[in-house]
Amino acid sequence: MACVGIDIGSDSARLVFEAPGLIRTKERPLFREEKGPASTMSALDLWRAVEEMIGEAIEEGQNGHSQSKQVPKAGGDQNAKFDAAKCTGTMCVAATCSLVVMERAQVGRRACFRSVEPGREVVVWMDRRAEAEAQWLNQRLAPDVLAQVGGAITAEMGLAKMKWAAAQYPGRQLVFFELHDWVSYVLMAGAKPDGRAVVVDELEGAVVSFGPGERAMDGSVKGWGVDVMAAAELNVEVAGAPRFAQENNSCHQTAETGYFGAVLGPATRPGFMVLRGCIDCYAGPAAPFVQRRSADGQTPAQDGGSKLPSAEDSNGVVSMIAGTSTCFVAAVPGAQDPIPGLWGPFPQLIPCPVYSFGQPASGKLLGEVLRAHGAEDFSRVEAEAARLEQASGAPLSRLARHSLYYGDKHGNRSPYGDFSMDEVCVRGHNAAAADEVCAKVSGDPAWPLVLDYYLALEFLAFQAAQLLQALPAVSAVHMSGSQAGNARFASMVASMVAPAPVYVEAGSAKWAGARACARLGAAPERKLVRPFPQESARFLREKYAFWIELANWQSRWRKHNRLAHGQ
């Protein structure tokens, strides 16, 4: 059986292809057009990139050679071959929480969906043109609806973007897709270019609606109940990869066939079945819950493989996907009520409700530190940090103890849900000058860079601990993503969430999303992270108590300004 995992990111598309004894990886850059608050992509270019990667991976597999430059850590002979004529396999897609805007069209006698604005029909998650619509929705939607998305609709969310597009294209019969659903749909229906536009046939069951009380994950496109669509005054259609469990033309998101990894139907490429995909940050946490498929790609495997995790197994396990931004996913059995500052609970991903929450800038924040000091990479900063620790005989947590930093300068997703929150820094130069230990490094040319780098890491670890405290329980944290490779940061997080253990996913973070989609039903290899030594951890915990006061003070101040002065 062959498995194809596809991960559509903000700037590139990646593919992992696996068959018995065989691994292939592919990547294509994606052009994202940026004009002010607008951020868009071409659906046609995206689809061609996906098709090319699939075709190349299969052809190389047949020929027994690979042109792939990077391979995720896994077993497999790179010179093995497979027989496409006998191939049965699966395809599964993860993608950013972007949307695709199509419209109804007629080609001959066929009902179709066509690009509403060719070349710009993919509205990327970071597009912020829906600011006014988000504010309008926050005034119209019920408190219980807002509570499930952290307290407010934002311009990045699909619901606000649908409202914006409805006003942008009046009189058009708009049809919206989640990006992962659109790619899955085209894998099943095929696509035809019409100039720069994409035309796809309408498959039976493609357009979906949801009953009262249903909610979309992460404020996105698919899943809003008719009550929310009416309150939002949205007279548009939402489509998904077909064969979603339906009853009286209404979808039930908690139905078994709606979960991530459920079989949708055959792909246009012979021998493959398309499985239900998801928003990219959920692929890794959800993959172990998916029943592996037998050789026909449809029925559960009967090979005595490992037992799927149950809801009880997942209780308190938090996935922390730390990259440019950081997303957290926590499965909480039986959860029904929103938790302030978090998104959820969402019942439609796996057979256990999940909450999600996050930090808007992690790798992005660290990258800004490097650029501000003209540094090229983190290895240089870590080398300088180790040198200063050795020269002073003290850990960075001790050397930086007089400085305190709150770094939400890119908009706060949670725990406050307040986008007016900003960075606050207590530099501590005067106190450090009177500290004989800190004085050993304060005059070193590398110290300003090392201090800013450390404070950014500390802020991210502190805020992660603050976010996790909102959950009923935390039994373990599973870290993945590019920032999980930073040993100092991983140990810092482990120190802040102890006694809960922290594990880091092995293998290249670059291929994590595609790899998870290709290896449904298999838990990744993980390594236990050691917390900081006792002295370093003590300085962290002492400072955290005052950091919380600083964060809460700023939140109260922002609220006061809005109430007293209207802004």
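The legends below describe close-up views of a predicted model.

**View 1. Helix H10 packed against helix H14.** Two packed helices are described by the angle between their axes and the distance between the axes. For H10 (residues 378-392) and H14 (residues 447-468), the angle is about 105° and the axes are 10 Å apart. Angles of 65 to 115 degrees count as roughly perpendicular, and H10 and H14 are therefore roughly perpendicular to each other. On the H10 side the contact is made by Phe378, Arg380, Val381, Glu382, Glu384, Ala385 and Leu388, and on the H14 side by Trp447, Leu449, Val450 and Tyr453. Eight residues of this contact are nonpolar, three are charged and none is polar.

**View 2. Helix H14 packed against helix H17.** H14 also packs with H17 (residues 534-565), their axes crossing at roughly 75° and coming within 10 Å. That angle makes H14 roughly perpendicular to H17. From H14, the residues in contact are Tyr454, Leu455, Glu458, Phe459, Phe462, Gln463, Ala465 and Gln466. They meet Leu540, Lys543, Tyr544, Trp547, Ile548 and Asn552 of H17. This contact divides into nine nonpolar, three polar and two charged residues.

**View 3. The second largest pocket.** The space in this pocket is about 510 Å³. Its lining has 23 residues, and those nearest the centre of the pocket are Asn138, Ala152, Gly417, Asp418 and Phe419. Helix H2 (residues 131-140) gives the most to the lining, with four residues. By type, the lining residues are 11 nonpolar, eight polar and four charged. Domain 1 (2-57 + 86-289) and domain 2 (363-476 + 537-565) both contribute to the lining, so the pocket lies between them.

View 4. Most peptide bonds are trans. Proline 345 is in strand E22 (residues 343-346). Proline 499 is in the loop between helix H15 (487-497) and strand E27 (502-505).

**View 5. Aspartate 218 and its positive phi.** Most residues other than glycine have a negative phi. Aspartate 218 is not a glycine, yet its phi is positive, at about 55°. Aspartate 218 sits in the loop that runs between strand E13 (207-208) and helix H6 (226-231).

Technical notes
Residues are numbered from 1 along each chain as its sequence is written. This is a predicted model: local features need pLDDT of at least 70, side-chain atom pairs count only at pLDDT 80 or more; totals for chains, interfaces and linings use all residues. Side-chain values use heavy atoms; hydrogens and water are left out. Axes are lines fitted to C-alpha atoms, for helices over the stretch in contact, and angles run from 0 to 180 degrees between N-to-C directions. Helices (H or I, at least four residues) and strands (E, at least two) are DSSP runs, numbered from the N terminus. Angles under 35 degrees count as roughly parallel, over 145 as roughly antiparallel, 65 to 115 as roughly perpendicular and the rest as oblique. Contact means heavy atoms within 4.5 Å. Ala, Val, Leu, Ile, Met, Phe, Trp, Tyr, Cys and Pro count as nonpolar, Asp, Glu, Lys and Arg as charged, and the others, Gly among them, as polar. On a 1 Å grid over the protein atoms alone, a cavity is a set of points where a 1.4 Å probe fits but cannot get out, and a pocket is an open set with protein on both sides within 12 Å along at least five of seven lines; lining residues have an atom within 4 Å of a point. Grid points are joined across faces, edges and corners, and a volume is the space filled by probe spheres set on the points. Domain bounds come from an automatic or database domain assignment.
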